[in-house]
Amino acid sequence: MAEDADAVTVVREVDDVETLKALSDPLRLAILRTMMSDVRAAHRVKDIARLLDQPPTRLYRHIKVLEAAGLIKVAQTRMVSGIQESQYQVAQFALRLSRDLLAAPGNAGELADAFAATLNDFRDRLVRDIISGRFQPEPDPEAAEQPDPLGPMVVALDRRLTPERATEFRSRLTALMEEFNRPDDEEKAVVPVEFLMMFWAPKEPAGDTPAGDTPAGDTPGRDTPA
């Protein structure tokens, strides 16, 4: 039996470049996302391949990379026709990049690749749902005057805050993410939710602060979702 979901780390802090590289491949992100759709389950490679419309042989190498990075783990094994079959489970519900990893200047390329892969994966799913009509539910004439409690919400915030307010904003986002990343009761969890949260406070490189500008207060590192 797969390990209990309560034993899975809620948020893992990524602090090494190798794990970052493991997250920079679109197919590995898709594998991880597919597995995270049911954190309680033990997933067979062939089942993941079917959901992703990929041949299983293409997934094995990527599964091993994710396992080596500690992003997934073997939940159980069994013998099938004399061959050992492994079934996998995610090792966390969400990922957070460590401050040291973000601050190291030599990691810029790997960071850019990881963020680009995440954003591209999310964009592809968003476009798919818009085109297929899944982005907005069918209108309900009886509720025409009432906002849809599950309707799409898109917010883009680009503004200046005080250091205290910026820190509070990030802290509250983190708390919200950790609260809702825990799995709900399996029988009642019937609403699929797509959610991408990103926060960053741009800073001028050391020695490059424009004249007259006051650098933003120190705020914690940034978060990214799997």
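Buried residues have under 20% relative accessible area, exposed residues over 50%, and partly exposed residues lie in between (1.4 Å probe, protein chains only). The model is predicted, so local features need pLDDT of at least 70 and side-chain atom pairs count only at pLDDT 80 or more, whereas totals for chains, interfaces and linings use all residues. Residues are numbered from 1 along each chain as its sequence is written, and side-chain values use heavy atoms, with hydrogens and water left out.

**View 1. Helix α2 (residues 26-36) is largely enclosed by the rest of the structure, because nine of its 11 residues are buried.** Helices are DSSP runs of H or I with at least four residues, and strands are runs of E with at least two, numbered from the N terminus. Among the buried residues of α2 are Leu-27, Ile-31 and Met-35. Asp-25 caps the N-terminal end of α2, with a side-chain oxygen 2.9 Å from the backbone nitrogen of Leu-27.

**View 2. The largest nonpolar core has 41 residues.** Such a core is a set of buried Ala, Val, Leu, Ile, Met, Phe, Trp, Tyr and Cys residues joined through side-chain atoms within 4.5 Å. Ile-31, Leu-32, Leu-59, Leu-71 and Leu-97 have the most contacts inside this core. Helix α2 gives the most to the core, with seven residues.

**View 3. Strands β3 (residues 72-80) and β4 (residues 83-90) pair in the antiparallel sense over eight bridges.** Pairing requires at least two DSSP bridges between two strands. Met-79 stands opposite Gln-84 in β4. Two residues separate β3 and β4 in this hairpin, and Ser-81 in the turn has a positive phi of about 55°.

Terms used. A polar contact is a pair of N or O atoms within 3.5 Å; within protein, one must be able to donate a hydrogen and the other to accept it, and residues adjacent in sequence count only if both atoms are side-chain atoms.
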